[in-house]
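Hello,

Here is the structure you were expecting, with the sequence.

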Amino acid sequence: RWQAISHLTGEVWLRLPAALGLSRGVMVMLAALTPAAGSKLGRHFKDSLGATSIWLAAIQSIALCFAGGWLAALYLIPLQFALLLALRQWFVKRLGGLTGDCLGFACQVSEAATLVLFSWV
């Protein structure tokens with residue numbers, strides 16, 4: 001992440017917060033789409049989500065993809081969607097669902113991927 005941040009160009013003041021916000025939106029969407037494994041933080045987070053918050057997180061995430069410009073959004077939207085589906089499949093296969101640690105991992109992966117893409121485009 002630090003290497004990607006050091007190579008950010010363009011409007012960095014928009015791209016850095018967008019990467020942070022987008023990764024949190026991915027957490028919400030992952031929790032909405034994945035069954036919970038266990039009864040701790042992952043389940044509590046999933047159970048606290050309402051339909052409105054899920055839709056707002058999805059809209060916010062798509063909007064944040066455009067903070068890096070149209071070209072970045074063209075790559076970033078499918079990248080984040082693919083990450084979301086791959087992480088969901090992996091968590092369900094390995095753990096039977098998601099935990100709080102899975103949400104944290106998804107946040108870090110999404111943020112790192114976004115920063116790398118923003119430093120590239």
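Predicted model: local features only at pLDDT ≥ 70, side-chain atom pairs only at ≥ 80, totals over all residues.

Trp70 is exposed, with a relative accessible area of 71%, which is over the 50% cut-off.

Five aromatic pairs were counted in the model. In the pair made by Phe66 and Trp70, the ring centres are 4.8 Å apart and the planes stand at 75 degrees. That angle is over 60 degrees, so the pair is edge-to-face.

The largest pocket holds about 290 Å³ of space. It is lined by 15 residues, and those closest to its centre are Met29, Ala58, Ile62, Phe81 and Leu84. Three helices, α2 (12-33), α4 (51-65) and α5 (70-95), each give two or more residues to the lining. The largest share comes from α4, with six residues.

What is the make-up of this lining in nonpolar, polar and charged residues? There are 13 nonpolar residues and two polar ones, and no charged residue takes part in the lining of the largest pocket.

Regards

Methods: Residues numbered from 1 in each chain as written. Heavy atoms only, no water. Phe/Tyr/Trp six-rings, centres within 6.5 Å; stacked < 30°, edge-to-face > 60°. Buried < 20%, exposed > 50% of the residue type's maximum accessible area, 1.4 Å probe, protein only. 1 Å grid on protein atoms, 1.4 Å probe; cavity = no way out; pocket = protein on both sides within 12 Å on 5 of 7 lines; lining within 4 Å. Points joined across faces, edges and corners; volume = space filled by probe spheres on them. Helix = DSSP H or I, 4+ residues; strand = E, 2+ residues; numbered from the N terminus. Nonpolar A, V, L, I, M, F, W, Y, C, P; charged D, E, K, R; others polar.
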